[in-house]
Structure formats: structure tokens, C-alpha cells
Amino acid sequence: MPLSQRPASLREGFHPTFWVANGMELFERLAYYGQQIVFVIYLRNNLGYTESESGALSGIFGGMIYLLPVLAGTLADKWGFRRAFTIAFSTLAFGYFAIGSMGMGAFAGIYGGHAPYWLLLSFLILTAFGGSFIKPSVLGTVAVTTTESTKSLGFAVYYWLVNAGAIIGPTIATFVCNFGNQYVYLVSALSCLAMVFVNLILYKEVQGPAAEVTESLGKKIANLFVVLANFRFMIFLLIYALYWIPFWQEFIVVPYYITDYIDKNAPYQLVQSWGGAGAIILFQLPVNRLTRKLPTRSAILLGFVVSSLIWVIIGIHPSIPMFVAGIVAFSIGEMIQAPRYYEYISTIAPPGQQGLFQGYAFLPIAISRFLGDPVGGWLYQTSKAMGKPEYVWYALIGTGVAAALCMWLYNMFLAPKEEAQPAA
């Protein structure tokens with residue numbers, strides 16, 4: 001296509017609703033990552049929970065955020081994305097505000113007569129429920145507001161904005177924390193509240209070229225058992241869950257260690273966000289170009305190995321520069337394996353079940369949050385009490401090495417035979 005015609009082609013290839021949905025996704029992600037980066041510090045320093053208790057709460061919240069979209073997607077299809085967005089952002093705005101209000105002096109009298117743990121847990125579950133509608137609604141909107149020629153670019157825009165939000169949110173949080181961690185939740189609540197009005201005013205439902213049959217919630221639950229019964233797929237997902245456990249310690253161990261052992265006023269929010277999402281935004285395309293000829297399973301294994309270096313690098317000499325270097329290393333590994341993940345699932349899924357298996361692609365992250373966050377909090381609390389914080393590095397290095405070793409064994413004995421051939 002002539003260069004002069006490309007702007008018009010791109011403009012016609014994206015319905016205006018595409019930009020509205022992705023703009024709302026940016027604000028939702030900055031709200032999520034802004035509060036996520038201060039989550040465990042807020043629970044410990046402001047609400048008085050231990051590192052172990054904070055890790056357990058983080059695991060419940062994070063696990064539900066990534067598990068519930070499997071079912072929430074069905075409701076979003078039934079209700080329409082506009083209504084789903086309204087419910088999601090209204091619930092998120094209330095949930096974030098409620099969580100933050102528990103640390104505000106103005107609300108001390110209100111919460112004095114309640115059990116704080118169970119009340120906080122209820123706020124977290126409600127917020128996770130609201131957040132679970134975002135991904136299926138945004139991804140569904142991208143699918144129906146792009147053409148065949150712009151669909152790939154549309155999902156790339158979505159992915160880029162997710163990482164942009166992962167930078168902007170913690171960056172804002174760095175400055176807001178000067179007034180108190182609880183006010184980060186106020187910013188997150190206001191971001192989501194603003195999106196309620198953006199959605200009501202600007203979002204327009206777009207009907208896809210062909211209406212698809214929407215599965216019932218009962219069918220979704222039945223499908224979960226179909227997935228669980230596939231031995232090869234479940235082993236693959238469990239190995240990936242092991243891979244993601246070290247990543248989420250960036251939101252638990254990193255804030256704790258930096259503020260406890262390096263500098264309590266250090267901008268740990270910037271260390272994690274700019275080292276992680278910032279590296280992905282800058283290096284995703286070059287890394288993809290360098291590794292595009294690798295066979296799929298080789299690329300995944302290489303990604304696992306590179307990502308496992310995060311805690312090796314940090315453990316050598318825990319300092320701000322080494323934390324940044326370690327997080328960048330993990331991000332490079334993620335960039336190597338992530339584009340191949342869905343391709344790999346397509347080779348594992350039985351004929352006719354491609355969509356079903358792709359629908360459970362976020363299950364490893366949910367598992368890693370449910371299991372890894374509580375373990376991370378307990379591990380840090382225990383090693384700190386022993387006066388041996390370096391034990392954290394040993395445990396996480398072992399987890400990363402175990403994930404890489406398990407993926408190597410999987411490739412040797414369980415990977416589909418045809419996957420051994422290099423990609424064209």
C-alpha cells in the first residue's frame with residue numbers, strides 16, 4: 001500500500017469505540033498497578049498486618065483478579081460491553097476508595113466496631129469482582145472494532161497501553177505516597193470513577209460481523225473440568241504458574257526489602273515499574289526480531305532461563321541498581337517467551353477446542369498469585385525474623401531454576417512431536 005494511503009487505512013480500520021475502550025484500559029491499568037505497587041507496604045505500615053498476612057491478602061486479591069475473568073466474560077457478552085464497563089468501573093471506584101478509607105483518620109470511627117481483616121477481605125473481593133470484567137470487555141471490544149488487516153495492530157496497541165499504565169500508575173504513586181499510601185487508593189478510585197462517565201458518554205456498542213453463541217456460566221464451569229482433565233495442558237499451566245511466582249515477588253519482596261534494608265524513602269515504585277514495563281515498551285520489538293526464528297518451545301525455555309536470572313542478579317549485591325538490572329532481566333525473558341505462549345497452547349489443545357484452551361491462558365497467573373503471594377510474604381517475614389534476608393534470594397533462585405528445569409523436562413517428554421520443528 002502506498003505510504004500516503006496508510007493513515008486513511010488505519011483510520012478506517014479502527015472504529016472510534018476502539019480508542020475509547022483502550023483509553024479506559026489505560027486508566028484502569030494505572031489505577032491497578034498504582035495501588036498494587038504500594039499494596040503490601042500499605043497493609044503493613046498503615047493497617048498493621050504482618051508480611052505473611054499481607055502476602056495472603058495479596059494472593060486472594062490477585063488470584064481472583066486473574067481467575068474471575070473466565071466467568072465474567074460470559075456475563076459481559078450477555079450484558080453488552082458498555083454495561084459491563086459501567087459495572088466494572090463503578091465497583092472498582094467504590095472498592096479502591098473503601099480499601100484506602102481504612103487507612104484514613106477521617107474514617108477511623110466508622111471502622112472501629114468492625115473486624116478489620118474480614119472487612120478488608122470483603123472490599124478486596126468486591127474490587128476483584130469489578131476488575132474481572134475489564135479484560136474480557138476490552139479484548140472483546142478490540143475484536144469487534146478492528147478489521148482483519150488491523151486486528152493484530154489493535155491487540156498490539158492494547159498490550160502497549162497495559163504496559164504504559166504499569167509505568168504511569170506507580171510513577172504517580174511515588175509522588176502521592178508523600179501524603180500517605182492510603183491516598184494512592186484515592187487516586188485509583190478517582191481514575192475509575194472518571195472512566196464511568198467516559199464510558200457512559202463516549203462508548204458505543206459495536207456489533208461484530210457475525211454474532212457468536214454465548215456460553216452459559218454452567219457451560220463455562222463444565223469447560224473448566226474439560227481443561228483440568230487434559231493432563232498435558234495442566235502440567236504446562238502448572239509449570240507456567242511456577243514461572244510467574246518469582247515475577248509477583250516484585251510487588252512483595254522488592255518493596256519490603258528496599259524500604260527495610262536500603263532506604264525507607266527510596267522510590268521502589270519506580271524501580272519495579274520502569275525496570276519492568278519500561279523495559280518491555282523499549283525492547284519488545286527488538287527482542288521479538290532477534291528471537292523470531294527460534295522454535296516455539298526453544299523460545300519459551302530460553303525465556304524461562306533468562307527470567308530466572310532476576311534473583312541471581314539481585315542476590316549478588318542487593319542495591320537499587322541491581323534490583324533494576326534483575327527486573328530488566330526478567331522482563332527480557334518475558335519478552336522472549338510471551339509471544340510464543342498462545343502459539344504453544346494452540347499445539348496442545350485438541351482439535352475443536354482451541355478457543356476453550358486459550359480462554360484459560362490466564363490461569364497460571366491466578367495460580368501463581370493464590371500460591372506465590374502468601375509464600376512470598378511468609379518467606380520474607382521468616383527470613384527477616386532470622387536475621388537472614390538473603391534466604392529470600394536462595395528460595396526465589398530455586399523457584400526460577402525449578403521452573404526452567406521443569407519446562408526443559410516437559411519439552412523432552414510431553415511436548416507435541418511436531419513442536420520440535422522450527423517455525424517457518
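This is a predicted model: local features need pLDDT of at least 70, side-chain atom pairs count only at pLDDT 80 or more; totals for chains, interfaces and linings use all residues.
Let me start with D373 and R369, whose side chains meet in a salt bridge, 2.8 Å from N to O. Why do D373 and R369 sit about one helical turn apart? Because they are four residues apart in helix α19, which covers residues 363-385. D373 is buried, and R369 is buried too.

Salt bridges with shared partners also link R44, E51, D260 and K384 into one network. Within that group, R44 pairs with E51, and their closest N and O atoms are 3.0 Å apart. Both of these residues, R44 and E51, are buried.

Next, E28 and R29. Their side chains form a salt bridge as well, at 2.8 Å from N to O. Are E28 and R29 buried or exposed? E28 has a relative accessible area of 3%, and because buried means under 20%, E28 counts as buried. R29 has 5%, so R29 is buried by that cut-off too. How many salt bridges are there by this rule? The count is six.

Now to the surface. Which residues form the nonpolar patch there? They are L190, L193, F197, L200, I201 and L202, and together they have about 580 Å² of accessible area. Take L193 from that list: L193 lies in helix α10, residues 182-202. Its relative accessibility is 39%, so L193 counts as partly exposed, since that class runs between the 20% limit for buried and the 50% limit for exposed.

Methods: Residues are numbered from 1 along each chain as its sequence is written. Side-chain values use heavy atoms; hydrogens and water are left out. Patches are made of residues with over 30% relative accessible area and no salt bridge: like charges are joined within 9 Å, nonpolar side chains (Val, Leu, Ile, Met, Phe, Trp, Tyr) within 5 Å. Accessible areas come from the Shrake-Rupley method with a 1.4 Å probe; for residues, only the protein chains shown count as cover. A salt bridge is a side-chain nitrogen of Lys or Arg within 4 Å of a carboxyl oxygen of Asp or Glu. Helices (H or I, at least four residues) and strands (E, at least two) are DSSP runs, numbered from the N terminus. Buried means under 20% relative accessible area, exposed over 50%, partly exposed in between (1.4 Å probe, protein chains only).
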